[in-house]
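Reader: Could you take me through this protein, starting with the overall architecture and then the side-chain contacts?

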Amino acid sequence: MADPYLDIDEFTAEYQGTLSDGEAITADRLLRVVSDGIRALKPDADLTAAQQVLFEVVRDEMAYGHLGPLSTFANTTSRREESGTFAQSATLVDDYLTPRHRRLLGLQVSATAAPRGSFTPGDY
């Protein structure tokens with residue numbers, strides 16, 4: 001594992017909140033794992049873009065935890081009823097990156113192929 005794009009002190013300063021000891025351990029682990037994931041997808045990623053993506057991914061995971069892949073969620077306290085709908089992006093292998101994150105890193109966003117061909121007039 002290489003050093004993360006942000007260390008725990010930089011993350012905490014930008015997070016603008018205090019982290020408990022357990023949250024700091026979790027955040028530090030996420031910083032390392034997501035940094036390695038970004039490096040695997042885009043080894044030559046722009047440092048500033050990688051830092052922004054890393055911060056947003058870890059911040060969202062810290063805030064939403066297991067609810068992250070859900071696009072909608074409802075919770076009724078009396079008689080305990082919970083429900084959720086998984087987002088389409090939750091079925092992807094690298095589901096922690098949104099299309100916006102992929103654009104920031106310079107990765108292809110569309111899952112469909114772009115049309116290709118040379119249609120010079122008179123060539124067909």
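Author: The answers below go from the fold to the core and then to the charged pairs. This is a predicted model, in which local features need pLDDT of at least 70 and side-chain atom pairs count only at pLDDT 80 or more, while totals for chains, interfaces and linings use all residues. Residues are numbered from 1 along each chain as its sequence is written, and side-chain values use heavy atoms, with hydrogens and water left out.

Reader: How many helices and strands are there in the protein?

Author: The protein has four helices and two strands. These are DSSP runs numbered from the N terminus, with helices being H or I of at least four residues and strands being E of at least two. Along the sequence the pattern reads α-α-α-β-β-α.

Reader: What share of the residues is buried?

Author: Of the 124 residues, 24% are buried. Buried means under 20% relative accessible area, exposed means over 50%, and partly exposed lies in between (1.4 Å probe, protein chains only). The protein exposes about 8900 Å², and 52% of that is supplied by carbon and sulfur atoms. Accessible areas come from the Shrake-Rupley method with a 1.4 Å probe, and for residues only the protein chains shown count as cover.

Reader: Which residues touch the most other members of the largest nonpolar core?

Author: They are Phe-11, Ile-38, Leu-54, Val-58 and Leu-105, in a core of 19 residues. The elements giving two or more residues to this core are α2 (21-41) and α3, and α3 provides the largest share, with seven residues. A nonpolar core here is a set of buried Ala, Val, Leu, Ile, Met, Phe, Trp, Tyr and Cys residues joined through side-chain atoms within 4.5 Å. In soluble globular proteins, nonpolar side chains tend to be buried together.

Reader: What is Phe-11 in contact with, leaving aside neighbours within four places in sequence?

Author: Phe-11 is in contact with Leu-19, Ala-27, Leu-31, Phe-55, Val-58, Arg-59 and Met-62 once those neighbours are left aside. Contact means heavy atoms within 4.5 Å.

Reader: And Thr-12, with the neighbours treated likewise?

Author: Leaving aside neighbours within four places in sequence, Thr-12 is in contact with Gly-17 and Leu-19. Thr-12 lies in helix α1 (residues 8-15) and is partly exposed, at 25% relative accessible area.

Reader: Changing topic, how many salt bridges does a search of the whole structure find?

Author: The search finds five. A salt bridge is a side-chain nitrogen of Lys or Arg within 4 Å of a carboxyl oxygen of Asp or Glu. One of them pairs Glu-56 with Arg-100, whose closest N and O atoms are 2.5 Å apart.

Reader: Why does that pair tie together parts that are 44 residues apart in sequence?

Author: Glu-56 lies in helix α3 (residues 47-64) and Arg-100 in helix α4 (residues 99-105), so the bridge joins parts separated by 44 residues in sequence.

Reader: Are the two partners buried or exposed?

Author: Glu-56 is buried, with a relative accessible area of 8%, whereas Arg-100 is partly exposed at 41%. The C-alpha atoms of Arg-100 and Val-53, which are 47 residues apart along the chain, are separated by 9.0 Å.

Reader: Which other salt bridges can you describe?

Author: Among them, Asp-60 pairs with Arg-59, with the closest N and O atoms 3.0 Å apart. Asp-60 is partly exposed at 29% relative accessibility, and Arg-59 is partly exposed at 31%. Another joins the side chains of Lys-42 and Asp-44 at 3.8 Å, N to O, and Asp-44 counts as exposed at 60% relative accessibility.
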